[in-house]
Amino acid sequence: MTEEKKNRYKFETLCVHAGHDVLETKTISPPIYQSVAYPFESAEYAAKLFRYEIEGHMYGRMDNPTNKMFEERLAAVELTDKALATSSGMAAEFVACLRLLEKGDNFVTAGKIYGGSNRLFSQTFPKMGFEAIFVYEPDNIDIWVESINEKTRFLYVETPSNPNLFIGDIASLAKLAHENEIPLIVDNTVASPALQQPVVLGADIIVHSATKFLSGNATCISGVVAGSADYIDKIREIEYRNIGPSLSPFNSWLLLLGMETLSLRMAKHCENAQAIAEFLENHSKVVSVNYPGLKSHPQYELAKKQMKGFSALLSFVTKGELTDTKNVIDAFNLIIHTGHLGTTKTLATHPAFTTHQQLSREERLAIDIPDTMIRLSVGIEDVNDLIEDIDRALVKI
Ligand SMILES: Cc1ncc(COP(=O)(O)O)c(C=O)c1O
């Protein structure tokens, strides 16, 4: 799609069309280029290509035509110059950060983030000489300010956060980052670009676990980094090429199909999650509910300002003991107990014992993840069937 067309069309249209020129491929559905290499038209062409003097397809580890379609579509809807498809969300985070860090550098991140990101930052990065400075009260901008020093290379926030639904103030963090001449990275997995476009609020780099809402049907582990042309080109040329976290073209094809229905799905996810959050908030067996669409959420006003909807993710704390929480999870009939989120089906997770198990109990409590918390990723089923399932399960307390 040309720049002129990208500027002309609205979000939903870009989700369906961007990146795929139907006349060029002569197919209505995007083709899967299941090839690891591409013919070079001449020795001179190949030499220029490998010197990065011209654009073209080099080798499957660096680029692929189906991946390129997905990358263009994602960049169009995240309003960035370019994007880079990766083999997982963790791979996206890894290369996004690695590009900006040298040994001895640090970055400042919200403490309320996905458990895997926490482990990458606190377990793997120190081995490479990178320090993550965690902000455990990430709604307090003064702590971010105090945490930055001359070795800080970027700020990092996941908003809404998994599983505690903290809302990071993207505009304030972007302003702070830019005052310090560093970029802001936003993990936009839980909102998806249908509900939040961090670039509009000043963010510089976006990362996604595309495994979640972008694909939407729990069919492929995948990730993506989006940002300026220079930044993305450099990652492709150096980190991506040297490490090899490339995405299979089949998975890009699944993502292209998934993105076509992103807006429709997100609208239904939001509607169902809101109804379930309100139901849980009034339930006698529930201590508290975290959902940014509830007025009781401490950052409800901020969420309303920076998001077009509150997404599918919510968590709640059950009354009683840990065994009661486990009994509730085991009693779900329709809702599937698993370690995933962001798909058409409603999923339940016990964060303290699965996604965030690798953190110590103290670390979990510091980021508001008690043992009795259940996370729900609300799907697009009939909401009455879901409420019935939850109500039946809560009788176990
Ligand atoms: C917010 C968030 N970011 C990143 C990831 C990592 O993504 P992946 O599982 O695709 O590597 C996850 C996984 O659950 C996540 O929830």
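This is a predicted model: local features need pLDDT of at least 70, side-chain atom pairs count only at pLDDT 80 or more; totals for chains, interfaces and linings use all residues.
**Helix H7 and its cover**

I began with what covers the buried residues of H7, and I found that the cover includes H6, strand S2 (106-110), strand S3 (131-135), strand S4 (152-158) and helix H15 (361-366). Contact here means heavy atoms within 4.5 Å, and I took helices (H or I, at least four residues) and strands (E, at least two) as DSSP runs, numbered from the N terminus. Helix H7 itself spans residues 115-124 and is mostly covered, with 7 of its 10 residues buried. I listed the buried ones as Gly 115, Gly 116, Ser 117, Asn 118, Arg 119, Leu 120 and Phe 121.

Residues are numbered from 1 along each chain as its sequence is written, and side-chain values use heavy atoms, with hydrogens and water left out.

**The ligand**

I counted 14 residues surrounding the ligand, the closest being Gly 89, Asp 187, Ser 209, Thr 211 and Lys 212. Helix H6 (residues 89-98) gives the largest share of this shell, 3 residues. By class, I recorded 3 nonpolar, 7 polar and 4 charged residues in the shell; Ala, Val, Leu, Ile, Met, Phe, Trp, Tyr, Cys and Pro count as nonpolar, Asp, Glu, Lys and Arg as charged, and the others, Gly among them, as polar.

I then went through the N and O distances to side chains. An oxygen atom of the ligand is 2.9 Å from an N or O atom in the side chain of Asn 162, and a ligand nitrogen is 2.7 Å from such an atom in the side chain of Asp 187. For the side chain of Thr 211, the distance from an N or O atom to an oxygen of the ligand is 2.6 Å. Taken alone the ligand exposes 390 Å², of which the protein buries 92%; these areas come from the Shrake-Rupley method with a 1.4 Å probe.

**Loops and backbone**

Asn 162 came up again in the backbone, where the peptide bond from Asn 162 to Pro 163 is cis, with omega near 10°. I also found a cis peptide bond from Thr 159 to Pro 160, with omega near -10°. Pro 160 is in the loop between S4 and helix H9 (170-179), and Pro 163 is in the loop between S4 and H9.

I checked two residues other than glycine with positive phi: Glu 181, near 55°, and Ser 192, near 70°. Glu 181 sits in the loop between H9 and strand S5 (184-187) and is exposed, at a relative accessible area of 74%. Ser 192 lies in the loop between S5 and strand S6 (205-209), and I recorded Ser 192 as buried because its relative accessible area is 1%.

**Domains**

Last, I noted that the chain is divided into domain 1 (3-260) and domain 2 (263-394), with bounds from an automatic or database domain assignment. Their C-alpha centres lie 27 Å apart, and 42 residues of domain 1 are in contact with 38 residues of domain 2.

Note on methods:
A residue is near a molecule or strand if one of its heavy atoms lies within 4 Å of it. A polar contact is a pair of N or O atoms within 3.5 Å; within protein, one must be able to donate a hydrogen and the other to accept it, and residues adjacent in sequence count only if both atoms are side-chain atoms. Buried means under 20% relative accessible area, exposed over 50%, partly exposed in between (1.4 Å probe, protein chains only).
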